[in-house]
Every structure is written in C-alpha cells, then in structure tokens.
Amino acid sequence: MLDLSHSMTIVALAAAAGAAVLLVWYLLSRPALTRRVKLVLFAALGPLPITAALVGNVANFEATKERKFCGSCHVMTPYAADAADPKSETLASIHSKNPYFGQQSCYVCHADYGMFGTVMTKVGGMGHVWHYYTEDWDRPGHPPPVIHEPFKNNTCMQCHPQDRPRQPLEHQVHGRAVKGEQVACTAAGCHGRPHPPARPAPGREGARAEAPVAP
Amino acid sequence: MSDSRIEQRVRRACLLALAALGLIVWSMLQPKPLPVVVAMSMGQLLGTLSLALFAYAVIADLRERLARGRSGLLDASKPEPPPGDEGSKQG
C-alpha cells in the first residue's frame with residue numbers, strides 16, 4: 001500500500017507530466033495565440049506546475065526526514081548504516097527498531113522541537129548541505145562530522161520524561177543535573193554513545209583513530 | 001509589442017517552465033540533498049519567472065488588441081467623404 005509520501009510524489013509527477021505535455025505541444029506545433037490556446041498555456045504554466053511544486057515540496061520535506069536521505073551523504077553513511085543494523089546495540093539502532101522512530105529515526109532524534117522546530121531543523125540542515133558540498137571530506141586529516149551544538153537532553157525527555165514516578169536511582173540522583181543539561185544522557189557511564197565512534201575513511205587509516213562524538 | 005515578440009515571450013515562458021518542471025521531477029526521482037535544494041530554490045524561481053513572463057505577454061497582447069480596437073473605432077467614427085468628391089478631384 002502506498003504511503004502519503006509516495007502518493008504525493010505520484011500526484012506531483014502527474015501534474016508535472018501533464019504540464020510538460022502541454023508545453024511541448026505548444027512549442028512543437030506553435031499554434032496561434034487564440035483564447036483557447038492561452039487557456040491551455042495558463043493551465044500548463046499556472047495550476048499544473050504550481051500543484052507539482054507545492055505537492056512536490058511537501059513530498060520532498062517528507063523525504064528529507066527519511067534515514068536513507070540522511071545517509072545519502074557519504075560522511076553520514078556509517079551512522080545511517082549502524083542505525084539500520086538490527087544487530088547493533090547502539091542507542092541509535094535500538095531506537096530505530098522502535099516503530100515510532102522507524103525509517104525517520106535520524107529526524108525524530110535530531111529535529112529541533114518547539115513552535116519553529118521544523119523550520120529551524122531545515123535551516124540547520126541547509127548548513128549541513130553547505131558544509132558537505134564546500135569541504136573536501138576525503139582529505140586526510142579532515143575531522144568527521146559533528147553536530148553543531150551539544151545534543152539536548154530535552155530531546156530524550158520528549159519520550160522519557162523525568163517526572164514519572166519510580167524513576168531508576170541514577171535518574172533520581174542526577175535528575176536536576178540532567179534537566180539542567182549539566183550531565184548528558186549520552187555521557188559515558190550513563191547511556192553511552194548513541195552512535196559508533198567515527199572511523200577514518202578508507203585510504204586514510206591512522207589519520208584519526210578516535211573522533212569526537214558523532215551526531 | 002508585435003505579435004511575434006509576444007509569441008517569443010510565451011515560448012520563453014514555456015522553456016523556463018519546462019526547466020523548472022525538470023528540476024522538480026529530478027528531486028522527486030532522486031531525493032538527495034542537492035536535487036532537493038536545487039528544486040526548491042532554482043525550480044521555484046524558474047517556475048515563478050515563467051508564469052510572470054506568460055502573464056506579461058498576455059497583458060501585452062490584450063493591450064495591443066485594445067489599442068487596435070480603439071484605433072479601429074476612431075477610423076469608423078470619421079465622416080466618409082461624399083461620393084461626388086472623388087469625381088471632382090479626378091476631373
């Protein structure tokens with residue numbers, strides 16, 4: 001069964017194809033600009049492309065939430081592959097097995113929340129795209145990707161609120177520090193790294209054995 | 001603006017729209033960062049420009065037709081010379 005994203009993709013492609021057929025017909029046959037031809041051209045230059053663009057934008061926004069989209073930049077491939085690995089026991093993989101996260105596990109954990117959360121996430125994503133295309137990530141010695149600001153405990157607490165009764169002792173002891181972002185949920189000794197440590201890219205082994213904490 | 005110039009603008013609008021649609025379709029078929037960013041920036045820009053160009057051409061065409069209609073009305077409102085005038089000039 002088709003999901004919403006695929007349905008929108010089909011609608012956008014159909015609208016684009018309809019507009020393209022009419023435009024190509026006009027360009028090849030070059031009819032006189034009668035009122036009827038103008039109406040046809042209006043459909044081909046107005047409602048149909050606008051539908052394709054609007055529905056396509058929504059479909060693209062949905063596509064950008066998918067893990068395979070995040071993993072399509074090769075610097076992110078190890079993280080996406082680990083999250084998708086059912087045998088891995090990293091936090092990312094454990095969460096990706098949960099249907100709530102599923103194929104959108106990168107986005108669910110790394111999105112900003114709040115009123116403008118989606119917009120701010122996309123703005124941050126544009127920064128990632130900029131860095132990806134303007135830097136030589138294969139250059140020996142280039143550091144692996146890091147998140148632009150420390151991962152917020154608040155993101156974890158969207159699903160794991162700390163004000164529930166019968167919290168584990170560690171949460172009770174460190175509750176205030178966790179809420180105040182003084183101790184990270186992903187700190188060593190707590191829940192640990194969410195992703196495997198970054199490895200040097202093939203051909204540059206030894207350039208950097210241990211990398212900063214990955215996103 | 002002459003009819004040929006209007007048609008040329010409409011053709012350009014069609015080409016711009018085809019380029020925009022191509023970018024949109026590219027991003028749909030290959031949802032990766034570059035195609036998506038290009039489609040949502042350049043694609044939208046080209047599409048908007050094509051519609052604006054088409055609207056400009058249609059408005060120019062309408063103005064042209066209105067101007068022609070007015071000049072036709074003015075010509076029709078001029079009094080025709082009496083039939084005898086032609087003969088007197090020839091004679």
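Predicted model: local features only at pLDDT ≥ 70, side-chain atom pairs only at ≥ 80, totals over all residues.
**Entry 1: H8(A) and H2(B)**

The axes of H8 (residues 117–134) of chain A and H2 (residues 33–77) of chain B cross at roughly 120° and come within 11 Å. I took axes as lines fitted to C-alpha atoms, for helices over the stretch in contact, with angles from 0 to 180 degrees between N-to-C directions. Helices are DSSP runs (H or I, at least four residues), numbered from the N terminus.

I noted that H8(A) passes H2(B) in a left-handed crossing, that is, the near helix is turned anticlockwise from the far one by less than a right angle. Met126(A), Val129(A) and Tyr133(A) meet Pro33(B), Leu34(B) and Val37(B) in this contact (heavy atoms within 4.5 Å). I counted six nonpolar, no polar and no charged residues there; Ala, Val, Leu, Ile, Met, Phe, Trp, Tyr, Cys and Pro count as nonpolar, Asp, Glu, Lys and Arg as charged, and the others, Gly among them, as polar.

**Entry 2: H1(A) and H1(B)**

I found H1 (residues 4–29) of chain A packed on H1(B) at about 155°, with the axes 10 Å apart; the two are therefore roughly antiparallel. H1(A) passes H1(B) in a left-handed crossing. The contact residues include Ala12(A), Ala16(A) and Leu23(A) of H1(A), and Arg11(B), Leu18(B) and Leu21(B) of H1(B). By class I recorded 18 nonpolar, one polar and two charged residues.

**Entry 3: Second largest cavity**

I searched the whole structure and noted two cavities of 30 Å³ or more. A cavity is a set of points on a 1 Å grid over the protein atoms alone where a 1.4 Å probe fits but cannot get out, and lining residues have an atom within 4 Å of a point. H3(A) gives the largest share of its lining, five residues. The lining holds four nonpolar, five polar and no charged residues, among them Asn57(A), Ser27(B) and Gln44(B).

**Conventions**

I number residues from 1 along each chain as its sequence is written, with chains lettered from A and ligands numbered from 1 in the order written. Local features need pLDDT of at least 70 and side-chain atom pairs count only at pLDDT 80 or more, while totals for chains, interfaces and linings use all residues; side-chain values use heavy atoms, without hydrogens and water.

Notes: 1 Å grid on protein atoms, 1.4 Å probe; cavity = no way out; pocket = protein on both sides within 12 Å on 5 of 7 lines; lining within 4 Å. Points joined across faces, edges and corners; volume = space filled by probe spheres on them. Parallel < 35°, antiparallel > 145°, perpendicular 65-115°, else oblique.
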